[in-house]
Amino acid sequence: MTTSTHRRRPRPGHARTSARLTALTAASALALTACSAIGEGDGGTDQADDGEGGGTVVLVTHDSFALSEDVIAAFEERTGLTLETRAPGDGGALVNQLILTKDAPLGDVVYGIDTTFASRAINEGVLEPYTSPEAGEDVQELAVDDEDHLTAIDVGDVCLNIDREWFAEQGVPEPTSLQDLTDPAYRDLLVVTNPATSSPGLAFLLATIAELGEDGWVDYWAALRENGVKVAGGWSDAYYVDFSGPSSEGDRPIALSYASSPPYEVPEGADEAPTAAMLDTCFRQVEYAGVLAGAANPEGARQVIDWLLSPEVQADIPENMYVYPADSTVELPESWELFAPLPPEPLTLDPGVIAENRDAWIDTWTATVLD
Amino acid sequence: MDGHGARLNRRGAVGRGAAWGLAVAVPLAFLGLFFALPVGTLVARGFWPDGALDLSGFVEVFSRPRTWRVIGLTLAQATVATAVVVLLGVPGAHVLYRRTFRGRGALRAFVVVPFVLPTVVVGVAFRSVLAPHGPLGFLGWDGTFAGVVAALVFFNYAVLVRTVGGYWATLDPRAEQAARALGASPLRAFVQVTLPALVPAIASGAAIVFLFCATAFGVVLVLGGPRYGTVETEIWVQTTQFLDLRAAAVLSVVQLVVIAAALAVAGRARSRRERTLAQGSTTAVERPLRLRGPGRSAADGAAVAVTALALAFLALPLVTVALRSLRTPRGWGLDNYVALGTTGGPNALSVTVWDAAVTSLRIALDATVLAVVVGGLVALVVSRRPRSRPLRRAVGVLDAVVMLPLGVSAVTVGFGFLLTMDRPLGLDLDLRSSPVLIPIAQAVVATPLVVRTVLPVLRAIDSRLHEAAAVLGAPPGRVLRLVDWPIAARSAGLALGLAFAVSLGEFGATAFLARPERPTLPVVIFRLIGRPGAENLGMALAASVVLALMTATAIALAERLRPGVAGDV
């Protein structure tokens, strides 16, 4: 047997074996020590605590939920509750998950149901009515129904953003209205997202329906298609690949984003924003919170809603979640005051009307713009 | 004496039966509870909406022209992409697993990186390369069928290279050498001798690639734009946006049929060619790569050319990500990497990226252990050829069933978890909020990969070796330890690495279970790239580079982890 002599890279066998042994030992040691997620003692999630004296309250929310640590800590200290959050998906998926798990709710309170899914959530009976004593005038005005199944917490307007530098360089006047976009002067300049797969995309579709009416929106989209509108799969894709804004490298100077986006494009110390939201194209998305039907801790759930309406949380919302507080008396961060004014007259649609027509509208949109 | 021996034998047979029973029961229980139950429950909701069976969904869904277009596109994308992956991957397997050269380990680790990067990041990187203003914009592939296929190839190249490479490396080269010595041209020797021997591994790898392509979600959504919907994206839309569970259930059945057909074809190709191959041979399998001078081979040259092309193609989007991660508003710099130690711009994140990386590593470790145990047991059971026909058939069914997790939509699994894990098996234990469910969900996806990597190697063990060992009086445990283990262990490193990589990069099912206070790295990246501003984008890309490096390191380490083997000195 001429075995080892044939190896091209003769290496002392024992050195190799011992190296392997070391690696193996190291790996098993790693595996056995605290490196495991399963083995990790996870103090905050003791399910058994749920029933006892309101120890834990579970907040079900979307994947963009965030608040400052000290704001959460203050809430826990004041109420003696432990706040646990679950984020099983984005806006639309969230409501559908709540409907599916109605018989065994995912938590006690939900935050993040938006205008487009509000009515469906109420109609499917996943929510308990609750009128918060903290709800001021602004919040009451945004209510979906008379029984207060949902409480408005924040407002996030979806608007077209423009790359102002591009328009200045090209000497083309900046567009201001939806109607401008069908003008050949703005051919091949617009990128939006697909309403079937992206929530800002759906909001923008609703904006066009609110502006042009049931009769006008289909023709409008046909004209947009004629004029070279591009449809991307999701926001990141549209904003970072197709948009020509400063943090992107695309070739389209009009992109679907939010009223709150421009401040994040302002270079340090600059007093003018390179991008701007087209305030006449904005659709008002309200995000709501509500007590879940069958909550294990309904009292804790109500406390969470009161807390979300408190001035501390309302002031904390903008920079954490890139949306505006529902309570307009709360001061906005300075850069927002300067570069991200809340659109004064946004387009809106009644949540009930949206719930009734959403699926059909998306089908019609798909047939008009894509097929 | 005789009586004693018979008693021992009987006791041995009972013990053996129990051991095999356990080896079957553990994986079946695991996959039954964490895969079949959730998926079955969700699909059943679609067909029994109010307690009564309602199959009208079939008529309705199939009467939509969109359904047929979506099915057609799914099949076309997956078939074309799989074909391209095989054409590029077989030479790649040869170069990376049969030839030695400086930097081979790094290249082997490198090819796996695309496999784990979050699709949304790759989508952005890929599209910036393909978009009209990008370096490959002249191809006009942005938002086209070709663009989707290119991305699918990008993600799945490693799967084929590793499945085929791991097997090929243990293949006895003497048959091919003999053919060459007898005057066959290198091409002829390859086509007539080596290729047929490789068919089981190629079929295995191609089947996995096909399943991944047929159920690809994020890639299709980003790269294909809205026109190139697949069955998978359609299930996602119907489930998460419309909550039309009836349509989703019908589409899930369609998906299942497609997958079952693909598996059947692959299984056929495997079994027809399956034969015992002399593996673990004593001849050196690997040779140094020589492209010049004496001993160079034209075949190697061609393989290297194809592989170099493939690697360049893989590198392009990755380099784009790496370069952009170094760009800051103030020019080039490491600012984005420094930011990883923070929670980002104004509270972009709830944890630092490094914390998320640690969470990811911990979860991946658990998922890998689970997947290797479950997958290893399945591979062991399936590698046997029982004498009785029904048993043989049962083994075949197990082989196919264990692949299904690769072919079922992550949305279906995720939603199914939410439906069934509040009281699994009637236990008063809400697993939905437990950190345990995340590694489990990832292990379900990684298990088939482990099986497909280890199985071809185990199957190729000459059954005469088992018989000989048994005849010589070795108890079954010893046969396993001395015959199967040394050979299987060589592919264990590969399996371990793939399972780890899958877990690190898994996003679909994880996203439904994510716990905001302990996000994984892909979840954090997804969050960062979903926000405006150069700071957030820069951090997302830097975090992606970290994820890529972690993966590459894990793979490189796993490859070194092959335990010392008697015949391997």
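User: Is B:Cys213 buried or exposed?
Analyst: B:Cys213 has a relative accessible area of 1%, and it is therefore buried (buried is under 20% relative accessible area, exposed over 50%, partly exposed in between, with a 1.4 Å probe and protein chains only). This is a predicted model, in which local features need pLDDT of at least 70 and side-chain atom pairs count only at pLDDT 80 or more, while totals for chains, interfaces and linings use all residues. Side-chain values use heavy atoms, leaving out hydrogens and water, residues are numbered from 1 along each chain as its sequence is written, and chains are lettered from A and ligands numbered from 1 in the order in which they are written.

User: OK, and how many disulfides over all chains?
Analyst: The count is 1 disulfide over all chains, taking a disulfide as a pair of cysteine sulfur atoms within 2.5 Å. A:Cys159 and A:Cys282 form it, with their sulfur atoms 2.0 Å apart.

User: Where do A:Cys159 and A:Cys282 sit in the chain?
Analyst: The pair links distant parts of chain A, 123 residues apart: A:Cys159 lies in strand E5 (residues 151-163), and A:Cys282 in the loop between strand E9 (275-277) and strand E10 (283-292). Strands (E, at least two residues) and helices (H or I, at least four) are DSSP runs, numbered from the N terminus.

User: Which handedness does the link of A:Cys159 and A:Cys282 have?
Analyst: The link is right-handed, with 110 degrees about the S-S bond.

User: Switching to chain B, how many helices and strands?
Analyst: Chain B has 23 helices and 4 strands, and of its 569 residues 57% count as buried.
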